[in-house]
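Here is a short note for a colleague coming to this structure for the first time. Please read the points with the model open beside you.

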Amino acid sequence: TGAIGLYNVGQSCCLNSVLQVFFMNIHFTGILRRITVPPHAVQKRRNVPYQMLLLLEKMQCGKQKAVSPIDLACCLSVYRVKLFVQHDAAQLFLNLWNLIKQQMKKPELVEELSNLYTICVQEHLACQKCSLQTKRNSSMLTLPLPVLDSNSHVLKTLENCLQYFFHPEELTDHNMCFCEQCGRKTPFLQSMKLVHLPQTLTIHLKRFCFETSANIHKLSHYLPFPQDLDFNAVLTENQCQADDSEKAAWQYELFAVVAHSGSTSCGHYCAYIRSLTERKWYCFNDSEVCQVSWDDVKCTYGHSNLHWGETAYLLIYMKKHPQ
């Protein structure tokens, strides 16, 4: 099945979960298999894509139920991805992806990797006193969705979170911007429009928030997410800046969930991943891997009374009909 576990080598559950999401994505492993192998032993030990490839081959060639990621973990520690500490899955995903991209030598592979994961949005700023408008395209690796609105009210579904993220925001009072045309600070309308979505879409549910300057609080409330997600049905025309052929490919199905249980100071990660070849769901919990049902995955929706319970933190969707 390709469903091989990874041993926990000292608080490495976060790394293990993120790695499994990479390795079970055949579009990513297709890129990884074509990297340039570093010529020298020292370079091999320090090269993240190469160490990932070695680990992938070890997982696929062996007959063990799990293998150790210690060589890759030691390689990552060279680049300040520390061993034996708790990591944040969203931050670790970004760090790992950037290291892979930086260390891939072939330009065509870097381009393929970017196309596979990169989201493109257009930021709009409009002065409310005159006609001045500015537009700027920017790229992101994850959609960082708030799970509360500006009044700290719970957003009840993933679709609500997406609509809120792309909803225009008025910048007034101390948030006003300087308008070159008016020559002073004025109220602005800030909005985000969706330009391009990748083959593999990573959504970061912002369940960790700062209560005070020192304390991070976990938001565990119930937040359902669908197996099938059509952005055309969720966002309005004004929230999109794309042509019809681009928008026709904005239909997704859920591929993986990285879930967090426990508190901010003492937590554990595991990954629920749907095999792209078998179409079955598996739970990857360090060295333990077992087949699960969609009902098991739905248990990661969260529960406001179970602060230590398992809640989805990263959602990874795959395009149904890639262009």
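Which residues of α8 are buried?

1. The model is predicted. Keep that in mind throughout. The buried residues of α8 are L158, C161, L162 and F165. They cover an arc of only 100° around the axis, so they sit on the same side of α8.

2. What do the buried residues of α8 pack against? Strands β5 (142-146), β9, β10 (200-206), β13 (228-230) and β18 (311-319) are among the partners. Helix α9 (231-234) is another of them.

3. Next, the largest pocket. About 350 Å³ of space lies in it. Its lining counts 13 residues, and Y164, F165, H167, P168 and E169 are the closest to its centre. F165 is also one of the buried residues of α8.

4. Which elements supply at least two residues each to the lining of the largest pocket? They are α8 (158-165) and β9 (188-196). The largest share comes from β9, with 3 residues. Sorted by class, the lining of the largest pocket has 6 nonpolar, 4 polar and 3 charged residues.

5. Now the domains. The domain assignment of the protein chain gives domain 1 (1-118) and domain 2 (140-171 + 198-322). Their C-alpha centres lie 22 Å apart. The contact takes 32 residues from domain 1 and 34 residues from domain 2.

6. Where does the second largest pocket lie, and why? Domain 1 and domain 2 both give residues to its lining, so the second largest pocket lies between them. The space in this pocket is about 270 Å³. It is lined by 14 residues, and the closest to its centre are D88, F208, T264, Y269 and Y313. By class, the lining of the second largest pocket divides into 5 nonpolar, 6 polar and 3 charged residues.

7. Is S12 buried or exposed? The relative accessible area of S12 is 5%, so S12 is buried; the cut-off for buried is under 20%. Leaving aside neighbours within four places in sequence, S12 is in contact with Y7 and D286.

Conventions: Residues numbered from 1 in each chain as written. Predicted model: local features only at pLDDT ≥ 70, side-chain atom pairs only at ≥ 80, totals over all residues. Heavy atoms only, no water. 1 Å grid on protein atoms, 1.4 Å probe; cavity = no way out; pocket = protein on both sides within 12 Å on 5 of 7 lines; lining within 4 Å. Points joined across faces, edges and corners; volume = space filled by probe spheres on them. Helix = DSSP H or I, 4+ residues; strand = E, 2+ residues; numbered from the N terminus. Nonpolar A, V, L, I, M, F, W, Y, C, P; charged D, E, K, R; others polar. Domains from an automatic or database assignment. Buried < 20%, exposed > 50% of the residue type's maximum accessible area, 1.4 Å probe, protein only. Arc of directions from axis to C-beta. Contact = heavy atoms within 4.5 Å.
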